[in-house]
Amino acid sequence: MLNGQDTAYEESDLYRLRHTAAHVLAQVVLELYPQAKLGIGPPIESGFYYDFDLGIDEQGQPRTFKPDDLPQLEKRMRQIIAGQHPLRCQEVTVDEARQKFSDQPYKLELIEGLEQGDGDESGETAVPITLYRHDNFEDLCRGPHVAHTGQIPLDGFKLMHTAAAYWRGDEKRPMLQRIYGTAWHSKKELKQYLHLLEEAKKRDHRKLGRELDLYVIDEEIGPGLPLWLPKGNVLREELEKLAREVEDKAGYQRVSTPHIAKEALYLHSGHLPYYAGDMYPPMDDEGTRYYLKPMNCPFHHKIFASRPRSYRELPLRLAEYGMVYRYEQSGALFGLMRVRAAQQNDAHIYCSEEQFEAEFIDVMDMYRAYFDLFGIDKYVMRLSKHSKDGLGKKYADNEAMWLKTEEMVRQAMKNARVPFVEAEDEAAFYGPKIDVQIWSAIGREFSLATNQVDFAQPANFDLVFVNERGEAERPLCIHRAPLGSHERFIGFLIEHYAGNFPVWLAPVQAVVIPITDKNLGYARRVTAVLKARGIRIEVNEGDERMNKKIRQAQLQKIPYMLVVGDQEESAGTVSVRTRLNEIRGSISLAQFQAQISDLVENRLNYL
Ligand SMILES: [Zn+2]
Ligand SMILES: [Zn+2]
């Protein structure tokens, strides 16, 4: 939540504290580099930053901070903080502000913006212009701040790292040097935060994705187009299997549709023009344009429309884990979290208005069952609504239907006793939706699933069914993808579990480690028995010593290691160790098989 900071945060003490820390940082940078030109320095989600132009170096490149600058700046910041300098706010006219910042070109540009009344990314508001002063430093700023610098705990802040950033994020503008810092109420909070960062680094799905052989991204194939390696593909298939089982029980039927379709389909659905910015450019086939599909829905609508439908068939639930292709800016791509080709955990439910609420609640229950299974205990549901201004531009132009369907969703959520918040101007182009944010075990936030109501596309495609009274009636369509895209969800799971997948998901569930080569035959027999029961198991036939093999298996986060030597061989047992380094001792092969099968079949989340 770097940009869309919520107001509660903006009104918090932490926000003031961080904002003041940014001012102190700018002050000490100006001491060290008197020629520096100041950009902006706002508080951000877990700290603050400030941007500086340090001029040009001897090679004609933008000058950067030196590695030992940060500790030195931090030390000097402590001295200023300890001075307990009060923060004073002053209102000035545009001309006065211009005079004060006459040698600060970026500030002059901001002042000009303020004069024209644009509240901008720096958080400054229009005239009268406010300045904040402490000690000998003054900044263009709308506040708020703490009362004096001494309220920043001396051991509760830290300068983290530097990065390059274009002025106003525009690559045609100068490249500035950004210093990131973090600040907290206490040393304890700072330590907790730094610990969380360390954990996050260890759990980073891009790092673990490589180490655990799950996926690769090959530049020649293209950015944002992951290749799933055999082990990663197991995760995908297990998720599919789970979804299929859940949906079979809930009365879904599976369909398959192609990856491309004619332009006419998307004009019909409304994806063109509403969604054009997210679609790949078309392919031209002798004057007919084809698009890669960004969503599965229009295909499913065509299936619904492929023959006359009766109320007896409703709700009709069509599921497809279809690949969709969306054009994401290359700068926005991020591991598995933001990709250009993704497999949606998709389905469309066609129902009458009377059936809507029960269906919608069933979908919400399905979400919650998934969250229980994966141990996701922190999530927020948001009802994303249209905006009046966006009608006919971003949103299907039918205000009455927007208001009606938004109220239907609101009621369904209330009746299902699901807590939710509401947000304007966040809907899909065809209807309101429930967006789900989840938090991983280490507190990282992800937007995941959506559950959407669509009144627009059924009208666009003239979908109808014959109701009980023999009349043609328009169905509603529910779009739902509880696991979002399998790419993003797997990215999430990697970080959530730190690669320690529950047994049912683990790409390799057990490895057999013979103590000596003599035991290799038995090791292979054990493997064959378990494999026949559907367990993903392999033998480590390498030359390394047993302890090294155990270590390898632990690094690969394989749940079970079955060590077999002469004793085990003669008794028909396996000596069980876990990736948690527990030594469970010898049990019969049949016993182990029963245990692991129970964990897999019931998708239990322990070893
Ligand atoms: Zn400020
Ligand atoms: Zn859809």
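1. Phe-157 counts as buried, because 25 C-beta neighbours lie inside 10 Å. The cut-off for buried is 20 or more. This is a predicted model, so please read every value here as computed from it. Phe-157 sits in strand 7, which covers residues 157-166. Its contacts, leaving out residues up to four places away in sequence, are Ala-21, Ile-152, Gly-181, Thr-182 and Ala-183. Now compare sequence and space. Phe-157 and Arg-18 are 139 residues apart in sequence, yet their C-alpha atoms are 8.7 Å apart.

2. **Ile-129, another buried strand residue.** Is Ile-129 buried or exposed? Ile-129 is buried, because 25 other C-beta atoms lie within 10 Å. Ile-129 belongs to strand 5, residues 129-134. Setting aside neighbours within four places in sequence, Ile-129 is in contact with Val-92, Val-94, Ala-97, Ile-111, Leu-114 and Leu-140. Asp-454 is another matter. Ile-129 and Asp-454 are 325 residues apart in sequence, and 46 Å lie between their C-alpha atoms.

3. **The whole protein.** Step back from single residues. The protein has 607 residues, and 36% of them count as buried. It contains 19 helices and 30 strands. The C-alpha trace spans about 85 × 75 × 55 Å along its principal axes. Take the contacts between residues at least 6 apart in sequence: 68% of them join residues at least 24 apart.

4. **Domains.** Which residues make up each domain? Domain 1 covers 7-189, domain 2 covers 211-377 + 445-497, and domain 3 covers 510-601. The centres of domain 1 and domain 3, taken over C-alpha atoms, are 58 Å apart.

5. **Helix 2 against helix 3.** Helix 2 runs over residues 13-32 and helix 3 over residues 69-82. They pack at an angle of about 120°, and their axes are 9 Å apart. Helix 2 and helix 3 are therefore oblique to each other. The crossing is right-handed. From helix 2, the contact uses Val-24, Leu-25, Gln-27, Val-28, Val-29, Glu-31 and Leu-32. From helix 3, it uses Asp-69, Leu-73, Arg-76, Met-77, Ile-80 and Ile-81. Sorted by class, the residues of this contact are 9 nonpolar, 1 polar and 3 charged.

6. **Helix 12 against helix 13.** Helix 12 covers residues 353-374, and helix 13 covers residues 399-415. Their axes come within 9 Å and cross at roughly 55°. Helix 12 and helix 13 are therefore oblique to each other. Helix 12 passes helix 13 in a right-handed crossing. Helix 12 brings Phe-356, Glu-357, Phe-360 and Ile-361 to the contact. Helix 13 brings Met-408, Val-409, Gln-411, Ala-412 and Asn-415. By class, the contact of helix 12 with helix 13 has 6 nonpolar, 2 polar and 1 charged residues.

7. **Two cis peptide bonds.** Why check these bonds? Most peptide bonds are trans. The bond from Gly-143 to Pro-144 is cis, with omega near -5°. Pro-144 lies in the loop between strand 6 (137-140) and strand 7. Leu-272 and Pro-273 are also joined by a cis peptide bond, with omega about 10°. Where does Pro-273 lie? Pro-273 is in helix 10, residues 271-274.

8. **Ala-498, with a positive phi.** Most residues other than glycine have a negative phi. Ala-498 is not a glycine, but its phi is positive, about 55°. Ala-498 lies in the loop between helix 15 (486-497) and strand 26 (510-514). Ala-498 is partly exposed, because it has 18 other C-beta atoms within 10 Å.

9. **Asn-581, with a positive phi.** Asn-581 is not a glycine, and its phi is about 75°. Which loop holds Asn-581? It is the loop between strand 29 (573-578) and strand 30 (583-588). Asn-581 is exposed, because it has 9 other C-beta atoms within 10 Å. The cut-off for exposed is 12 or fewer.

Technical notes
Residues are numbered from 1 along each chain as its sequence is written. Chains are lettered from A and ligands numbered from 1 in the order in which they are written. This is a predicted model: local features need pLDDT of at least 70, side-chain atom pairs count only at pLDDT 80 or more; totals for chains, interfaces and linings use all residues. Axes are lines fitted to C-alpha atoms, for helices over the stretch in contact, and angles run from 0 to 180 degrees between N-to-C directions. Helices (H or I, at least four residues) and strands (E, at least two) are DSSP runs, numbered from the N terminus. Angles under 35 degrees count as roughly parallel, over 145 as roughly antiparallel, 65 to 115 as roughly perpendicular and the rest as oblique. A crossing is left-handed if the near helix is turned anticlockwise from the far one by less than a right angle, and right-handed if clockwise. Two residues are in contact if their C-beta atoms, placed from the backbone, lie within 7 Å. Ala, Val, Leu, Ile, Met, Phe, Trp, Tyr, Cys and Pro count as nonpolar, Asp, Glu, Lys and Arg as charged, and the others, Gly among them, as polar. Domain bounds come from an automatic or database domain assignment.
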